[in-house]
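Hi,

Here is the structure I promised to pass on. Have a look at it first, and then read my notes below.

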Amino acid sequence: MDVFGIGTEITECVRIARLIDKHGEQFLHRTFTLEEIRWCQLQGQWIQQYTARWAAKQAVVKALGLAGMRGISWPDIEILSDGSGQYRVRLLGGIKEAAETVGVGKVLVTISHCRTHATAFAIAIKGE
C-alpha cells in the first residue's frame with residue numbers, strides 16, 4: 001500500500017447547525033449527496049451526522065492535496081455508511097478526476113462525533 005497523503009479535520013456541530021438553519025435545503029444540496037442527506041435525516045443525531053460527513057469531506061480534500069482549491073463540488077465526495085461503523089468514500093466528477101490524475105485509486109476514512117464536535121481522518125492510497 002503506497003500512501004499518497006493523509007488529512008484530518010475537526011468541526012464544531014454548532015457551525016454546521018447554523019449553516020443549515022441559515023441556508024436550509026440549499027446548503028444541504030450544495031454540500032451532500034441525496035444518499036448522504038437520506039442517511040443523516042434517518043439518524044437520531046442528524047446534526048452530528050452532517051458535521052461528521054463535512055469533516056470527512058474536508059479530510060479527504062486534504063489527503064488528496066486539494067486543500068485551498070477553489071471550485072470544489074462537495075457532493076463529488078460521498079461518505080457512505082452501512083451502519084456498522086465502517087465508512088466508504090466514493091469520489092465523483094472533478095474530485096475523482098483529480099484523484100486519478102495523481103494516481104490515487106482509493107481513499108479510506110474514519111469519522112467520529114460527540115454532541116459538540118465531529119472529527120475525521122482520511123488516507124489517500126495510490127494505485128488501487
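**What I found**

Let me start in the sheet: Leu108 has Ile123 in β5 as its bridge partner. Before going further, please keep in mind that this is a predicted model.

β4 and β5 (residues 117–126) run antiparallel and are joined by nine bridges. If you look along that pair, you will also find Ser112 opposite Thr119 in β5. The link from β4 to β5 is a hairpin, made through three residues.

On to β1, which spans residues 2–12 and holds Ile6. β1 pairs with β5 in the antiparallel sense, this time over ten bridges. Ile6 stands opposite Ile123 in β5, and Ile123 is also the partner of Leu108.

Put together, these strands make an open sheet of three, in the order β1-β5-β4, with antiparallel pairing. Helix α3 (residues 46–63) lies across β1, β4 and β5, and it runs at about 145° to β1.

Which residues make the nonpolar surface patch? They are Met1, Val3, Ile6, Leu108 and Phe121, and the patch comes to about 510 Å². Ile6 itself has a relative accessible area of 53%, so it counts as exposed.

Thr11 is in strand β1 as well, but at 3% relative accessibility Thr11 counts as buried. Leaving aside residues up to four places away in sequence, Thr11 touches Ile16, Thr51, Trp54, Ala55, Thr116, His117 and Ala118. Thr51, Trp54 and Ala55 from that list fall within the range of α3, residues 46–63, while His117 and Ala118 fall within β5, residues 117–126.

Now the charged pairs. Side chains of opposite charge can pair when their charged atoms come close. How many salt bridges are there? The count is four, and here are some that I looked at in detail.

- **Glu9 and Lys62.** Their side chains meet in a salt bridge, at 2.5 Å from N to O. Glu9 lies in strand β1 and Lys62 in helix α3, so this pair ties together parts that are 53 residues apart in sequence. Glu9 counts as buried because its relative accessibility is 16%, and the cut-off for buried is under 20%. Lys62, at 33%, counts as partly exposed.
- **Lys57 and Glu36.** These side chains also meet in a salt bridge, at 3.0 Å from N to O. Lys57 is in helix α3 and Glu36 is in helix α2 (residues 34–42), so the pair ties together parts that are 21 residues apart in sequence. Are the two buried or exposed? Lys57 counts as buried at 0% relative accessibility, and Glu36 counts as buried at 1%.
- **Glu78 and Arg90.** The closest N and O atoms of this salt bridge are 3.0 Å apart. The pair links distant parts of the chain, with Glu78 in strand β2 (residues 77–81) and Arg90 in strand β3 (residues 87–91), twelve residues apart. Glu78 counts as buried at 4% relative accessibility, whereas Arg90 counts as partly exposed at 39%.

The last pair brings us to β2 and β3. These two strands pair in the antiparallel sense over five bridges. Ser81 has Tyr87 in β3 as its bridge partner. β2 and β3 form a hairpin with five residues between them, and in the turn Gly83 has a positive phi of about 90°.

Cheers

Note on methods:
Residues are numbered from 1 along each chain as its sequence is written. This is a predicted model: local features need pLDDT of at least 70, side-chain atom pairs count only at pLDDT 80 or more; totals for chains, interfaces and linings use all residues. Side-chain values use heavy atoms; hydrogens and water are left out. Patches are made of residues with over 30% relative accessible area and no salt bridge: like charges are joined within 9 Å, nonpolar side chains (Val, Leu, Ile, Met, Phe, Trp, Tyr) within 5 Å. Accessible areas come from the Shrake-Rupley method with a 1.4 Å probe; for residues, only the protein chains shown count as cover. Helices (H or I, at least four residues) and strands (E, at least two) are DSSP runs, numbered from the N terminus. Buried means under 20% relative accessible area, exposed over 50%, partly exposed in between (1.4 Å probe, protein chains only). Two strands pair if DSSP finds at least two bridges between them. Contact means heavy atoms within 4.5 Å. Axes are lines fitted to C-alpha atoms, for helices over the stretch in contact, and angles run from 0 to 180 degrees between N-to-C directions.
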